[in-house]
Amino acid sequence: SKKILLLLFLIIILSFFLLGLDELFSIYYIKQNSEFIQSFIDKNFLYSLLIFYSLFFLFLFFFLPFSAIMLIFSGYSFNLYLSIPLSIIIITIGGLSNFLLLKKINLIVFFNKAKFWLKKISFTFKDNEFQYLLLLRLIPIPFIIQNTITVILNISAKNFFFSTLLGVVPYAVIYSLAGSQLRKIIDKSGFITISDILNYENFAVIFLLAIFILLSIFLKKKIN
């Protein structure tokens with residue numbers, strides 16, 4: 001049953017890309033259909049919220065790598081004071097659903113040869129589990145890879161939930177702000193790139209947070 005479940009997810013993911021549905025979730029598509037999108041949201045605000053965040057959750061659940069563009073889309077479509085908290089909640093719940101699903105698949109079976117090293121890493125990880133999880137969330141690698149690592153290291157669901165809830169905040173804010181900027185320049189002639197809307201200086205905050213977490217782990221080990 002686990003193999004069938006894994007196969008089903010792979011079919012859904014491949015079908016999404018083979019059918020070209022990924023092209024609907026791009027800055028180019030938003031720009032080409034900006035009038036229709038804004039008109040639909042204005043006339044159907046609550047439905048728009050429900051549809052958008054349901055899609056966001058489904059993308060997370062099916063391991064589709066669209067978190068960044070969905071955050072940009074949320075900042076473009078809705079008020080930041082609404083979109084940022086909702087995005088954080090959806091990413092956290094979607095991440096937890098990933099986590100529980102990956103546990104059900106029992107990924108550790110695929111890493112039998114590395115069991116000794118995994119136990120050793122897991123033991124080290126347990127000493128500062130929450131801090132390491134926060135640090136993992138700040139590293140810019142795909143969400144599915146982050147979640148897989150947490151499952152392999154047998155992280156508790158409680159620590160996973162709260163570290164995700166806090167750890168995704170910086171990225172949710174940065175990419176939502178990029179979406180807000182996109183709304184301001186959407187009528188600009190020519191092609192709009194990610195560099196036009198994303199302030200890369202904001203990522204310095206994430207770097208400083210990572211340094212702070214590493215420092216806290218180091219000091220805790222020194223004190224102990």
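Predicted model: local features only at pLDDT ≥ 70, side-chain atom pairs only at ≥ 80, totals over all residues.

Rolling a probe the size of a water molecule over the atoms shows where empty space is left. The largest pocket holds about 480 Å³ of space, and among the 21 residues that line this pocket, Ser67, Ala68, Ile141, Pro142 and Phe143 are the closest to its centre. Two or more lining residues come from each of helix H5 (67-77), helix H6 (80-105), helix H9 (143-152) and helix H11 (169-185). Sorted by class, the lining of the largest pocket consists of 17 nonpolar, three polar and one charged residues.

The second largest pocket has a volume of about 360 Å³, and 16 residues line it, with Ile37, Phe40, Ile51, Leu55 and Phe73 lying nearest its centre. Helix H3 (34-43), helix H4 (45-61) and H5 are the elements that each give two or more residues to this lining, which has 13 nonpolar, three polar and no charged residues.

## Aromatic pairs

A pair of aromatic rings is described by the distance of the centres and the angle of the planes. Across the whole structure, a search finds 21 aromatic pairs. One of them joins Phe99 and Phe160, whose ring centres are 4.4 Å apart and whose planes meet at 25 degrees, so the pair is stacked. Because Phe99 belongs to helix H6 and Phe160 to helix H10 (residues 157-167), this pair ties together parts that are 61 residues apart in sequence. Phe99 and Phe160 are both buried.

Another pair, formed by Tyr175 and Phe203, is edge-to-face, with 6.2 Å from centre to centre and 70 degrees between the planes. Since Tyr175 sits in helix H11 and Phe203 in helix H13 (residues 203-223), the pair ties together parts that are 28 residues apart in sequence. Tyr175 is buried, with a relative accessible area of 16%, whereas Phe203, with a relative accessible area of 22%, is partly exposed.

Ring pairs also link a group of residues into a cluster, namely Phe45, Phe52, Tyr53, Phe56, Phe73, Tyr76 and Phe78. Of these, Phe73 has already been named among the residues nearest the centre of the second largest pocket.

## The contact of H3 with H5

Helices H3 and H5 pack at an angle of about 65 degrees, and their axes are 11 Å apart. On the H3 side the contact involves Ser34, Ile37, Gln38 and Ile41, which meet Phe73, Tyr76 and Ser77 in H5. Taken by class, the contact has four nonpolar, three polar and no charged residues. Two of the H5 residues in this contact, Phe73 and Tyr76, are also members of the aromatic cluster.

## Single residues

| Residue | Relative accessible area | Burial |
|---|---|---|
| Phe25 | 15% | buried |
| Phe63 | 16% | buried |
| Ser97 | 15% | buried |

Phe25 lies in the loop between helix H1 (2-18) and helix H2 (27-32). Leaving aside residues up to four places away in sequence, Phe25 touches Phe16, Phe59, Phe66, Ile69 and Met70. Phe25 and Met70 are 45 residues apart in sequence, and their C-alpha atoms are 7.7 Å apart in space.

Ser97 is part of helix H6, and, again not counting residues up to four places away in sequence, Ser97 touches Phe57 and Phe61.

The other two residues in the table are described by their backbone. Most residues other than glycine have a negative phi. Phe63, which is found in the loop between H4 and H5, has a positive phi near 65 degrees. Asn154, in the loop between H9 and H10, also has a positive phi, with a value near 60 degrees.

Methods
Residues numbered from 1 in each chain as written. Heavy atoms only, no water. 1 Å grid on protein atoms, 1.4 Å probe; cavity = no way out; pocket = protein on both sides within 12 Å on 5 of 7 lines; lining within 4 Å. Points joined across faces, edges and corners; volume = space filled by probe spheres on them. Helix = DSSP H or I, 4+ residues; strand = E, 2+ residues; numbered from the N terminus. Nonpolar A, V, L, I, M, F, W, Y, C, P; charged D, E, K, R; others polar. Phe/Tyr/Trp six-rings, centres within 6.5 Å; stacked < 30°, edge-to-face > 60°. Buried < 20%, exposed > 50% of the residue type's maximum accessible area, 1.4 Å probe, protein only. Axes fitted to C-alpha atoms, helices over the stretch in contact; angles between N-to-C directions. Contact = heavy atoms within 4.5 Å.
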